[in-house]
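Subject: Structure handover and findings

Hello,

Here is the structure for you to look over. My notes follow below it.

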Amino acid sequence: MLRNILGVIVGYVVMAAFVFVSFSVVYMILGTEGSFSAGSYEVSGGWIVASVVLSLIAALIGGMVCTIISRNMKATMVLAGIVLILGMVMAVPTLSDTAAEASVRTGDVPMMEAMQKAKQPSWLAFLNPVIGAVGILLGGRKKRPSSTATSQPSARQV
């Protein structure tokens with residue numbers, strides 16, 4: 001039971017750390033003008049593509065880590081469920097968020113301000129948790145422990 005809880009927690013932390021670091025790198029590469037549409041805080045198409053790709057990679061890694069630690073897919077399914085539910089709950093406010101639409105962006109924006117004021121499309125806010133849940137399950141399956149791997153030698157070991 002402790003391995004399952006630890007697997008879920010560490011898998012989630014690894015995903016969050018990967019997302020923070022990778023999105024920070026993408027922001028430094030794209031810069032303010034590449035990350036946002038002209039004069040606004042609406043994210044650009046390039047940012048959306050990077051977001052989808054990096055979210056999937058983060059989920060794959062998180063699922064693998066969770067499965068390695070917990071040694072079963074139950075914990076990985078719990079992590080996928082948590083990411084899906086939390087993500088959907090956090091996406092709901094994007095349906096009525098008009099504060100960022102009224103904000104006009106001028107010049108370069110520091111990364112922390114960009115994180116606070118960025119406006120992503122609602123469809124993307126609802127897609128990300130689905131990508132996360134699916135990626136976690138796929139990542140977990142890549143590292144699924146094999147019960148026969150330790151009990152029977154492979155042809156190369158004989």
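Val 14 sits in helix α1 (helices, H or I, of at least four residues, and strands, E, of at least two, are DSSP runs numbered from the N terminus). Val 14 is partly exposed because its relative accessibility is 27% (buried means under 20% relative accessible area, exposed over 50%, and partly exposed in between, with a 1.4 Å probe and protein chains only). Leaving aside residues up to four places away in sequence, Val 14 touches Ile 61 and Val 65 (contact means heavy atoms within 4.5 Å). Val 14 and Val 65 are 51 residues apart along the chain, and their C-alpha atoms are separated by 7.9 Å.

Before going further, the ground rules. This is a predicted model, in which local features need pLDDT of at least 70, side-chain atom pairs count only at pLDDT 80 or more, and totals for chains, interfaces and linings use all residues. Residues are numbered from 1 along each chain as its sequence is written, and side-chain values use heavy atoms, with hydrogens and water left out.

Confidence

The protein chain has a mean pLDDT of 86, and 84% of its residues reach 70 or more (pLDDT is the predictor's confidence in each residue, from 0 to 100). Residues 147-151 need care. Over that stretch pLDDT stays under 50, and the model has 0 contacts there beyond four places in sequence.

Overall

The protein chain has 6 helices and 0 strands. From the N terminus on, the order is α-α-α-α-α-α. The chain has 158 residues, and 35% of them are buried. Among contacts with a separation of 6 or more, 84% join residues 24 or more positions apart. The chain exposes about 9400 Å², with 70% supplied by carbon and sulfur atoms (accessible areas come from the Shrake-Rupley method with a 1.4 Å probe; for residues, only the protein chains shown count as cover).

Helix α2 and what follows

Helix α2 covers residues 45-70. Its 26 residues should span 38 Å at 1.5 Å a residue, and its end C-alpha atoms are 37 Å apart, so the two agree (the expected span is 1.5 Å times one less than the number of residues).

Val 65 belongs to α2. Val 65 touches Val 10, Gly 11 and Val 14, again not counting residues up to four places away in sequence. Val 65 and Gly 7 are 58 residues apart in sequence, yet 7.0 Å apart in space, C-alpha to C-alpha.

Ser 55 is also in α2. Ser 55 counts as buried because its relative accessibility is 14%. Beyond four places in sequence, Ser 55 touches Phe 23, Asn 128 and Ile 131.

What comes after α2? Arg 71 does. Arg 71 lies in the loop between α2 and α3 (73-91). Phi of Arg 71 is positive, near 65°, in a residue other than glycine. Most residues other than glycine have a negative phi. Arg 71 is exposed, since its relative accessible area is 56%.

Helix α6

Helix α6 runs over residues 122-142. Its 21 residues should span 30 Å, and the end C-alpha atoms are 31 Å apart, which agrees. The buried residues of α6 include Leu 124, Ala 125, Asn 128, Ile 131, Gly 135 and Gly 139. Their cover includes α1, α2 and α3.

Asn 128 is in α6. Asn 128 is buried because its relative accessible area is 18%. Outside the four places on either side in sequence, Asn 128 touches Ser 51, Ser 55 and Gln 120.

The nonpolar patch

Which residues make the nonpolar surface patch of about 810 Å²? Phe 20, Val 21, Val 25, Met 28, Ile 29, Leu 30, Met 112 and Met 115 do. Patches are made of residues with over 30% relative accessible area and no salt bridge; like charges are joined within 9 Å, nonpolar side chains (Val, Leu, Ile, Met, Phe, Trp, Tyr) within 5 Å. A salt bridge is a side-chain nitrogen of Lys or Arg within 4 Å of a carboxyl oxygen of Asp or Glu.

α1 (2-35) and α5 (111-117) each supply at least two residues of the patch. The largest share, 6 residues, comes from α1. Met 115 lies in α5. Met 115 is partly exposed because its relative accessibility is 46%.

Best regards
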